[in-house]
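Please read the points below with the sequence and the structure open beside you. They are meant as a colleague's notes, to be followed one at a time.

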Amino acid sequence: MNKRRPPVDGLCDECGFDYDTGDLQGTVTTLVRQSAECSMALTKAAAGPDADVVRIRPEPEVWSAIEYACHVRDVLEVQRFRIAQCLAEDRPVYAPMDRTGRVKQAKYEDQDPMEVAAALMRFAREFGAAARVLTPPQLGKLGLYNYPVRAPRSLGWIIRHTAHEIQHHRQDIINILAELEPPIIPAPKPAQPEEAEAGTTDDSAGLAGASGAADDGVGFVPPSRVSDEAEGLAGRSTGGSSAAAV
Ligand SMILES: [Zn+2]
C-alpha cells in the first residue's frame, strides 16, 4: 500500500519509460514490440516443464505473470476503444476499466496462457493500427480520464500512457518469470572429480555445448516488488480505489 505509483508524466525510474521523449510512430513501434515480448515470455514459460509457473504469485499481493498478461491484454483493448470513443464524441468521458475487478470477474488466474498471449498480440497490433494514423489535431483532442485523478487528457497522452503500461508490465512479467521458472539448462557442476576427467569428454560434450545458452531474454534486475504498486499501472490485486485505474 505504501509503494510508489508509477508516474503519468516525465520519467519512470522503474521501467525507464519517458513521457517526454519519442515520436508517435516510434512509441507505437516500441509498444507493439514490447507487447510481443510479453506474449513470448508467457508462451515460453507455459511451454516449459511446469506450465503453471505462469500462475504463481511471487507474493500474495503481487500479480502472477498470467494476471499481468491478462491486464496488458485488456489495457490494449480498452485503450483502443478509447481512441475510437475520443474520435467519435465531442466531449469524451472514459469509463473506468475496473482493473482489479476484472482479475476476479474474468478469472485471470485460470485463463489459458496461449490464448492470452495470442489475444495480447492481436490487441497490440489493433491498438497500433488505430494509433499510428492519428493526426496532430486528433492527438491533441481531450477527454476526461480517470487516472490518477479525474482530469482532461489528450489522445496523445493516452497513447503514451498505454505504451508505459506495456513497458512497465513487460518488465514485471519477464522479471517474475525469471525468478520463478526452473532453469531449462542444468547448471554446470561445480567441480569435476579428478579421476572422471579422462573418460567423460564425449558424453559431456552435448551438455557443455548447451550450457552457454542459459536463459536469456532477461536483461533485467529481479522484479521490483514495488513496480506493480501503482493503482493505474499496477498489479495490485487488492485494495485501493482501483476503479479509477487506467
Ligand atoms: Zn514504468
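1. In this predicted model, helix α1 passes α6 in a left-handed crossing. The axes of the two helices come within 9 Å and cross at roughly 25°, and since angles under 35 degrees count as roughly parallel, α1 and α6 are therefore roughly parallel to each other. On the α1 side the contact is made by L24, T27, T30, L31, Q34, S35, E37, C38, A41, L42 and A45, while α6 contributes I159, R160, T162, A163, I166, Q167, H169, R170, I173, I174 and L177.

2. An α-helix has 3.6 residues a turn, so residues three or four places apart point the same way. With this in mind, one can go through the buried residues of α1, which are T27, V28, L31, V32, Q34, S35, C38, S39, A41, L42, A45 and A46. These buried residues pack against α2, α4 and α6.

3. The length of α1 can be checked by a simple calculation. At 1.5 Å a residue, the 23 residues of α1 should span 33 Å, and because the end C-alpha atoms of the helix are 33 Å apart, the two values agree. For α2, which has 24 residues, the distance from the first C-alpha to the last is 35 Å, close to the 34 Å expected at 1.5 Å a residue.

4. How many of the 24 residues of α2 are buried? The number is 17, so α2 is largely enclosed by the rest of the structure. One of its partners is α4: the axes of α2 and α4 come within 9 Å and cross at roughly 30°, which makes α2 roughly parallel to α4. The crossing of α2 and α4 is left-handed, and the residues that make the contact include I66, A69, C70, V72, R73 and L76 of α2 together with P113, V116, A117, A119, L120 and F123 of α4.

5. The next point concerns the interior. In soluble globular proteins, nonpolar side chains tend to be buried together. Here the largest nonpolar core has 46 residues, of which L42, A65, A69, L120 and I173 touch the most other members. Helices α1 (24–46), α2 (65–88), α4 (113–132) and α6 (155–180) each supply at least two residues of this core, and α2 gives the most to it, with 11 residues. Taking I173 as an example, and not counting residues up to four places away in sequence, one finds that I173 touches C38, A41, L42, A65, Y68 and A69.

6. For the overall plan, the protein has seven helices and two strands, and from the N terminus on its elements run α-α-α-α-α-β-β-α-α. Buried residues make up 40% of the 246 residues. Among the contacts with a separation of 6 or more, 81% are between residues 24 or more positions apart.

7. L144 is found in β1, and the C-alpha atoms of L144 and Y94, which are 50 residues apart along the chain, are separated by 6.1 Å. Leaving aside its neighbours within four places in sequence, L144 is in contact with P92, V93, Y94, R150 and P152. Is L144 buried or exposed? L144 is exposed, because 12 other C-beta atoms lie within 10 Å, and 12 or fewer is the cut-off for that class.

8. The peptide bond from Y147 to P148 is cis, with omega near -5°, and P148 has its place in the loop between β1 (142–145) and β2 (151–154). D98, although it is not a glycine, has a positive phi of about 55°; D98 lies in the loop between α2 and α3 (99–105) and is partly exposed, with 16 other C-beta atoms within 10 Å. K107 also has a positive phi in a residue other than glycine, near 50°; K107 lies in the loop between α3 and α4 and is exposed, with 10 other C-beta atoms within 10 Å.

Note on methods. Residues numbered from 1 in each chain as written. Predicted model: local features only at pLDDT ≥ 70, side-chain atom pairs only at ≥ 80, totals over all residues. Core = buried A, V, L, I, M, F, W, Y, C linked by C-beta atoms within 7 Å. Buried ≥ 20, exposed ≤ 12 C-beta atoms within 10 Å, placed from the backbone. Helix = DSSP H or I, 4+ residues; strand = E, 2+ residues; numbered from the N terminus. Contact = placed C-beta atoms within 7 Å. Expected span 1.5 Å × (residues − 1). Axes fitted to C-alpha atoms, helices over the stretch in contact; angles between N-to-C directions. Parallel < 35°, antiparallel > 145°, perpendicular 65-115°, else oblique. Left-handed = near helix turned anticlockwise from the far one by under 90°.
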